[in-house]
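I opened my notebook on this one with a few things to look up. Here is what I went looking for, friend, in the order I looked.

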Amino acid sequence: MRALLMIAVVLVSTATAVGPVAAAPAPAPPGATRLATPPMGWNHWNHFRCRIDEKIVRETADAMVRTGLRDAGYRYVNVDDCWEAESRDAAGRLRAHPVTFPGGIKALADYVHERGLRFGIYTAAGDKTCEGRPGSGGHYARDAATFAEWGVDYVKLDWCGAKGDPHRLTSEFRAALDATGRSVTLAVSRHGAPWRWPDRPADLWRTSADIDDNWHSVLRNAQEQAGLSGAAGAGRGWNDPDMLQVGNGGMSAEEYRAHFSLWAITGAPLLMGNDIRSIDKATLDVLGNREVIAVDQDALGRPGDRLRGDGTREVWARGLAGGDVAVALFNRGPYTTEIRTSAAELGLPFAHRYAVRDLWLHGPSMTRGEIAASVPPHGVALLRVSAGAAGLEERVTLSGDASFVEPGKKTVVRVNLRGGTTFGVRAPEGWLVRKTGVARFEITAPANSVAGKESLTLSAKHRGRWITVAHTVVIAPPPPRGVLALSDHPRVEAENGWYLPMKVNRSFGPDDFCADCPGGPLSLAGKRFDKGLGTYASSQASYYLGGMCRSFAATVGVDDEVLGMTWPRPHNAVGTAAFSIYADGRRVYDSGIRTVGGPPGEVDLDVRGVRELRLVNHSAGDGNFADHADWAGMRVECAN
Ligand code: GLA
């Protein structure tokens, strides 16, 4: 069920139309981006990996025309790694793989161009690509000339195996491309934190690790975009949280909409990563949503950013050309929740009415200032708000306040809808529902319910008709009595940096990319800890305390093991992270930026009455290399 809007309070504001992102883009430095808006297109990697050939690429170009995706704005057809032959030709030139690309790249690029599309290719800055094919290291001028001869419009220059300073090598590659006289878009990876470079030899740069077709990965990459909007924009280049996974099958429709919405609001490149030849209607409805694409491609060219977040509810916003603001009310958490903002918070000028358009429901409505939505777990309400509205009906949001349900124990649910007269709650079979007030209900799940998620249906009668909304709750066991290592208690939900699950009572481990490794001992500034969580920032973990605990203590910082790592420290960060704790959505602790080897943060909190404790860390803006972020020695004292 999608979000509905409601008006709660008339907000009077004197704010001017500054939009949510204050800094205007600086004038373009020499060699800066040629792209006024983020690139849109398709890239084979997410779906096909090395099982790619020229036939698939040609059929994809045709499918982009046939499905209308080209006309919706998707212009690039990009071939990623594995197009190359195992070796260069006798003259030292790169060549296409003779079996999978027998017609050669020039013919393929021509085919793509004939369909009104542009052609992109992949190479790497070092000797080898990530798949071990010949890279461009030592051949920049020659390869740039070859690409120009073939009619290439876009080069993805990967980093795998490259040695040297990423800024210098990127600048050299840019110069090689420029020397061909062809205008070529240059996309680079995140090594050397290109969003911090004073000039911009590339047109777009990755800001995160490779995306996977799962929610963890989307979340992690979206979180890495937070705080980076000032580095990107028209005339500067674009932050790239990696290509889209929409339509690849690993996420729910809700999650794919959230993925696409967050990419649009942050002005990310929209490079589809699915099989367009067999695209289904649901996927086409997401990727082809022109109202969302218009946010991504907005003419002001100023990316949006996160305005605020409490680890569960996040408000992301983007100022648009003409003064509108796009806002994503994003639910990172496991239960349905109402998320609010206001015209004033979004920086809109004062008006008596604002038009609000839901970019997924395509419905117009009106508000007097406050904007709220009931958002399902991993979902988003994406809205476009403009000052002034005439002839629109006020929109309503039906929501409830239930988040956790303990097996066998009563939970109160209050249903909320302004102007509603009669209210209802429907729960799964076997649950008790008792109405104890006009809009107040008590629900009880069977004592033997297993931990997990369940859905309620809330209903309300408004102006003579019934409205309903699905509302997901989390069934969680209460914490046991006594002093407890919180890491031993089940987590309600967790996301972790890179692809990899966080470690319980271990550090993330000295091997940066290992999913099955046992991790290492938790160690901060020389002190060892038996208990705790080993995470890779950005991450979040949520625990249900049920209002039954007194105190929470922990030591937080970047694990000492990072000091011993030889890779990837030379390229990037030393290992930094910032830790925050939210008690029922209220921020109760902030560590500031912690650096490996530096003093850790000591946490000692009074958590009486707190139902949910949410531990959040992020990578402190320098990219999430080496950010092994420990919640060490987590202790909670509970009385049941
Ligand atoms: C790296 C990149 C990916 C993809 C692969 C190909 O991992 O980040 O996007 O290009 O290489 O080998």
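**Ground rules.** I am working with a predicted model, where local features need pLDDT of at least 70, side-chain atom pairs count only at pLDDT 80 or more, and totals for chains, interfaces and linings use all residues. I number residues from 1 along each chain as its sequence is written, and side-chain values use heavy atoms, with hydrogens and water left out.

**The sheet.** I took helices (H or I, at least four residues) and strands (E, at least two) as DSSP runs, numbered from the N terminus. Strands pair if DSSP finds at least two bridges between them. In what order do the 8 strands of the open sheet run? I read β7-β6-β5-β4-β3-β2-β1-β8, with parallel pairing. β7 (238–240) and β8 (270–272) each have a single partner strand, so one side of each is left without a neighbour in the sheet. I noted an average twist of 25 degrees from one strand to the next; axes are lines fitted to C-alpha atoms, for helices over the stretch in contact, and angles run from 0 to 180 degrees between N-to-C directions.

I then looked at β3 (residues 118–124) and β4 (residues 154–158), which run parallel and are joined by 5 bridges. Gly120 has Tyr154 in β4 as its bridge partner. Helix α3 (residues 104–114) packs on the sheet and touches β2 (76–78) and β3, contact being heavy atoms within 4.5 Å. The direction of α3 makes about 145 degrees with that of β3.

**The ligand.** I listed the residues around the ligand (a heavy atom within 4 Å); among them are Trp45, Tyr122, Cys130, Lys156, Arg206 and Met243. For polar contacts I used pairs of N or O atoms within 3.5 Å. A polar side-chain atom of Asp80 is 2.6 Å from a ligand oxygen. For Asp81, the distance from a side-chain N or O atom to a ligand oxygen is 2.9 Å. Asp158 also places a polar side-chain atom 2.9 Å from an oxygen atom of the ligand.

**Salt bridges.** How many salt bridges are there? I have 41, taking a side-chain nitrogen of Lys or Arg within 4 Å of a carboxyl oxygen of Asp or Glu. Arg332 and Glu314 form one of them, at 2.9 Å from N to O. Arg332 sits in the loop between β11 (325–331) and β12 (337–342), and Glu314 in strand β10 (residues 313–319), 18 residues apart. Are these two buried or exposed? Arg332 is buried at 2% relative accessible area, and Glu314 is buried at 1%. My cut-offs are under 20% for buried, over 50% for exposed and partly exposed in between (1.4 Å probe, protein chains only).

Arg587 and Asp590 also meet in a salt bridge, at 3.3 Å. Arg587 is partly exposed at 47%, and Asp590 is partly exposed at 45%. I also found a network of salt bridges linking Lys55, Glu59, Asp275 and Arg277.

Cys82 is not a glycine, yet has a positive phi of about 90 degrees. I placed Cys82 in the loop between β2 and α3, and it is buried at 2% relative accessibility. His362, not a glycine either, has a positive phi of about 60 degrees. His362 is in the loop between β13 (354–358) and β14 (363–367) and is partly exposed at 38%. Last, I noted a cis peptide bond from Ala537 to Ser538, with omega near 5 degrees.

Conventions. A polar contact is a pair of N or O atoms within 3.5 Å; within protein, one must be able to donate a hydrogen and the other to accept it, and residues adjacent in sequence count only if both atoms are side-chain atoms.
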